[in-house]
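Colleague: I am new to reading structures. Could you show me how to read aromatic rings and a helix face?

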Amino acid sequence: MSSASTAKQQSKQERRDAAREQARKLREAQQRRNRRNRILIITGVVAFVAVVVIAVVSILTAANRSPLEGIDGEPAGATDNGGIVLGAEGVGSTNEGAPEVEVYLDYLCTHCWTFETTNAGVLDELATAGEATVTFHPVAFMSDASNFSQRGAQALAVVATAAPEQFSTFNEGLFSAQPEGGATVLSDEQIAGVATEVGVPQNVIDSFAEGEFSEWVSAATQQATKDGIGGTPTILIDGEEFTGWQTPGALAEAVRAAA
C-alpha cells in the first residue's frame with residue numbers, strides 16, 4: 001500500500017476518532033446537564049414541600065392559637081378561656097374539689113336578664129360557701145351601636161381588678177338596672193350609677209372610660225365562639241350544659257348534685 005493511501009486511511013481514522021470523541025464529549029455534557037437538571041428539580045421539589053409544610057403548620061398554629069394570646073392586659077382572676085373566676089376567697093380564688101360552674105352572659109341579652117332575675121345571688125352564695133368555683137364570662141355577642149355589651153363587660157373587668165369585693169353585686173346590678181325584660185342599653189352614666197350604688201370607689205368608676213380591658217373583652221368573646229358557645233346565657237356545670245336554670249332553686253340543686 002502506498003504511503004498516500006496509508007495517510008488517507010489514517011486521516012479517515014482520525015476523523016472517525018475525533019467524531020467519536022466529540023460525540024463522547026457531547027454525551028458527557030448532556031449527562032452533566034441531566035444530572036444538574038435533576039438536582040435542580042429535586043431541590044425545587046424539596047423547597048416547595050418545605051414551603052407547603054411551613055404554610056400548613058402556620059395555618060394549624062393560627063387555628064389553634066387562642067384569641068387571648070398576646071393581649072396586653074387582662075383582669076384579675078382571668079382564666080385562659082376568657083372568664084373571671086370566683087371562689088370562697090373572692091375573685092381569683094377557686095374552691096378545690098367543688099363543681100366548676102361557668103356562666104356566659106351578655107348584658108344586652110333578654111334571657112340573661114331572666115337568668116339573673118331567677119338566680120339572683122345564687123352563684124355568689126355557692127362560691128362564697130365553697131360549694132362551687134364559678135367562672136363568669138362577660139361576652140359581647142349582642143354588641144350594637146351603643147356598644148353596651150362591650151362597655152358593661154369592660155367595666156365588670158375593671159371592678160374585678162380594682163374593687164373585687166363589689167364584683168358580684170355590680171354584675172347583678174347591671175341587669176337589675178334594666179327595666180322588665182332586660183335588653184336595655186345603659187349609658188356610661190347609668191353604668192357608673194350602678195357602680196356607685198353597690199359601693200365601687202369613685203376612682204375606680206372614673207377609670208371605666210379608659211377602656212383598659214376592652215381588648216380582653218373582644219378576645220374573650222372570640223374565644224367563646226371558638227369554644228362552641230352559640231348564645232347566652234350558657235351555663236356549664238363541670239363542662240356539661242345545664243338548661244334547667246329557669247326554675248328557681250334548680251341551679252343550686254344541680255350544682256350540689258354534681259359535688
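Colleague: Which residues form one aromatic cluster?

Modeller: This is a predicted model. In it, Tyr107, Phe148 and Phe175 make up one aromatic cluster.

Colleague: How many aromatic pairs does the structure hold?

Modeller: Five. To read a pair, check the ring centres and then the planes. Planes over 60 degrees apart count as edge-to-face. Phe136 and Phe167 have ring centres 5.4 Å apart and planes at 75 degrees, so this pair is edge-to-face.

Colleague: Where do Phe136 and Phe167 lie?

Modeller: Phe136 is in strand 4 and Phe167 is in helix 5, so the pair ties together parts 31 residues apart in sequence. Both Phe136 and Phe167 are buried.

Colleague: Why is the pair of Phe170 and Phe208 tilted?

Modeller: Planes under 30 degrees apart count as stacked, over 60 as edge-to-face, and the rest as tilted. The planes of Phe170 and Phe208 are at 35 degrees, so the pair is tilted. Phe170 and Phe208 are both buried.

Colleague: Now the helix. Which residues of helix 6 are buried?

Modeller: Start with the general idea. An α-helix has 3.6 residues a turn, so residues three or four places apart point the same way. In helix 6 (residues 188–197), the buried residues include Ile191, Ala192, Val194 and Ala195. Seen down the axis, the buried residues of helix 6 fall within an arc of 155 degrees, so they line one face.

Colleague: What do the buried residues of helix 6 pack against?

Modeller: They pack against helix 4, helix 5 and helix 7. The face of helix 6 turned away from its buried side carries Glu189 and Glu197, both exposed.

Methods: Residues are numbered from 1 along each chain as its sequence is written. This is a predicted model: local features need pLDDT of at least 70, side-chain atom pairs count only at pLDDT 80 or more; totals for chains, interfaces and linings use all residues. Side-chain values use heavy atoms; hydrogens and water are left out. Rings of Phe, Tyr and Trp (its six-membered ring) pair if their centres lie within 6.5 Å; planes under 30 degrees apart count as stacked, over 60 as edge-to-face and the rest as tilted. Helices (H or I, at least four residues) and strands (E, at least two) are DSSP runs, numbered from the N terminus. Buried means under 20% relative accessible area, exposed over 50%, partly exposed in between (1.4 Å probe, protein chains only). The arc is that of the directions from the helix axis to the C-beta atoms. Contact means heavy atoms within 4.5 Å.
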